[in-house]
Amino acid sequence: MKQLLIPSSIIASLLFLSSCGEDKKPSSEATAPTKISHEATQNASMKQAAQSSLKEGLVELLGKYPQLGQADGEPSIQAPVLLQDGSKLIVTHSKLIANEELYIEQNAPSELDELRKSANEDINAAMRPNSGYLLQVGLPSLALMDEDRQPQPLPAELDMIVKQLEALAVDKVFVLSQEKGAASLIEAHIIFEQNPDGNWIEKNCIINEEPLKLIQSLTAQTKLPKDACISSSQWIDQRKNQIQTLCDEFSKKSSPYIQNRETQAREAMLTRIAAIEEQERRIQDEQIAQQNKRKQHTDQMTSLLSKDAEFHGEWKRADDFGKISLTISAIDILDNAIQFVGCIYDSDLPAARLDVTGRCELDNSKESAVVNIKIYDGQYNPDVATAEVYDAQDGVLKLQLSKEGKLIGTMGCASWSKPEKNFQLHMLNPAIQAKPPLPAAEQPATDSPSELPEASDDAAPVAS
């Protein structure tokens, strides 16, 4: 039986045990002439068998390593050595030579990539985000946008040079590893065992392939790719010249491109700053307009809800109706509201009054203002339907005040769950009737303020 691998440490151990065993043998055996002659014959026979077995093993081995061939001459075959287990070991040495030059594939020398890096400064400048150039020409960092911070792709011409540089610097090369005829020494261990008849029979042939492991990763010259780069001092010098030429070409072609990006950055900065200044002016104008609108709205509502202002109109619920008035006796203007106190009463019975407090929301984003009024104690006609509200402790008026001086909404109780119980209110500040008429072009598209509007079931009540 033949095997092609065995750890060398095992063989060494066997040899050591064998030598120990031989030391213990009686000297009389070694001196017996007949035994010596017989043993010499056996050893010669084993060496001949070992030589034959080795040739077969080498044929099988060379099938795995076509790059190699067997050197001229016979292999070295040592005398058999008796092992502790009674078997005998024959050690052989053979030379295998490379049939042709063998190459190993490696990365290109690092000095090529270091040379390529000399173009990095120009490459980085060409790919620099716009933010780098904008900050360089003086644009405030707060004016940068997200897209300004993104690296810029190279133009096609420059990008092609960069790719060529990378291909030249990090290419794979083939380096000569073994010359043609280079020899590798191969050791084989052939073990024999003695059968019951006293004859020595080969047990196995173990060839140590460890010296050939590198061979498996090598490529024979005839198997190299057609475009293979074979490393040599001449090839390295030639490749350095190619890389340097491309670095110089990139520097020359990228210079106007980089200068143009700097020019574009200055132009963009001026445009960006002008836009920022315009935006700031627009914001300021909007703020001023909002302030003016708020002031106008506040002034308008304050003129309608001023001290001693009066609102007259009617209440209506289903088929029941009557007159109602609101008089304001004092106001307090806050940032976003007008708080006031006053009273409500039957327009035909001004002596019977109920005290109220109210609040007007000053929201200049709406055409009308929300007015909420709470009712307190006072005198009223108990025979009128509105007494339902006046009798309660949670009487409220939820109204909308228009810029034309109309107060429209509902009167009811906060505890009422049925909206139909609410009284619909429709009142008007008669003071606006005393104002001079607006020019025709400025007349509002609403009803004439000189006319007292009718109460309507369609008035938009505020939910209680």
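Mentor: His 189 is buried, with a relative accessible area of 6%, where buried means under 20% relative accessible area, exposed means over 50% and partly exposed lies in between, for a 1.4 Å probe and protein chains only. Bear in mind that this is a predicted model, in which local features need pLDDT of at least 70 and side-chain atom pairs count only at pLDDT 80 or more, while totals for chains, interfaces and linings use all residues. Residues are numbered from 1 along each chain as its sequence is written, and side-chain values use heavy atoms, with hydrogens and water left out.

His 189 belongs to strand β8, residues 183–194; helices (H or I, at least four residues) and strands (E, at least two) are DSSP runs numbered from the N terminus. The side chain of His 189 makes a polar contact of 2.8 Å with that of Glu 187. Such a contact is a pair of N or O atoms within 3.5 Å; within protein, one atom must be able to donate a hydrogen and the other to accept it, and residues adjacent in sequence count only if both atoms are side-chain atoms.

Strand β8 has partners that can be followed residue by residue, two strands being paired if DSSP finds at least two bridges between them. With β5 (residues 88–98), β8 pairs in the antiparallel sense over 10 bridges, and within this pairing Ser 94 has Ile 186 of β8 as its bridge partner. With β9 (residues 200–207), β8 is joined by seven bridges, again antiparallel, and here Phe 192 stands opposite Glu 202 of β9. The strands β8 and β9 form a hairpin with five residues between them, and Gly 198 in that turn has a positive phi of about 90°.

Strand β9 also carries Cys 205, which is buried at a relative accessible area of 1%. The C-alpha atoms of Cys 205 and Gly 57 are separated by 7.4 Å, although the two residues are 148 residues apart along the chain.

Now to the wider fold. The protein has 464 residues, of which 36% count as buried, and contains 10 helices and 18 strands. Contact means heavy atoms within 4.5 Å; of the contacts in the protein with a separation of 6 or more, 64% involve residues 24 or more positions apart.

An open sheet of three strands, paired antiparallel, has the order β7-β6-β10. Its edges are β7 (172–178) and β10 (219–220), each with a single partner strand, so one side of each is left without a neighbour in the sheet. Two bridges hold the antiparallel pairing of β6 (residues 102–107) with β10, where Leu 102 has Ala 220 as its bridge partner.

Helix α9, residues 233–304, has 72 residues that should span 106 Å at 1.5 Å a residue, and its end C-alpha atoms are 100 Å apart, which agrees; the expected span is 1.5 Å times one less than the number of residues. At Ser 254 the helix α9 bends by about 35°, with a proline, Pro 256, following within four residues. The bend at a residue is the angle between axes fitted to the seven residues ending there and the seven starting there.

In the loop between α9 and β11 (310–317) lies Asp 308, which has a positive phi of about 75° although it is not a glycine and counts as exposed at 52% relative accessibility. Ala 318, in the loop between β11 and β12 (320–333), likewise has a positive phi, near 55°, and at 56% relative accessibility it too counts as exposed.

Strands β11 and β12 belong to a closed barrel of eight strands with antiparallel pairing, running β11-β12-β13-β14-β15-β16-β17-β18. The twist from one strand to the next averages 30°, with axes taken as lines fitted to C-alpha atoms (for helices over the stretch in contact) and angles running from 0 to 180 degrees between N-to-C directions. Six bridges then join β14 to β15, where Arg 359 has Asn 372 as its bridge partner. Strand β15 (residues 369–378) is in turn joined by six bridges to β16 (residues 395–401), and in that pairing Val 371 has Leu 399 as its partner.
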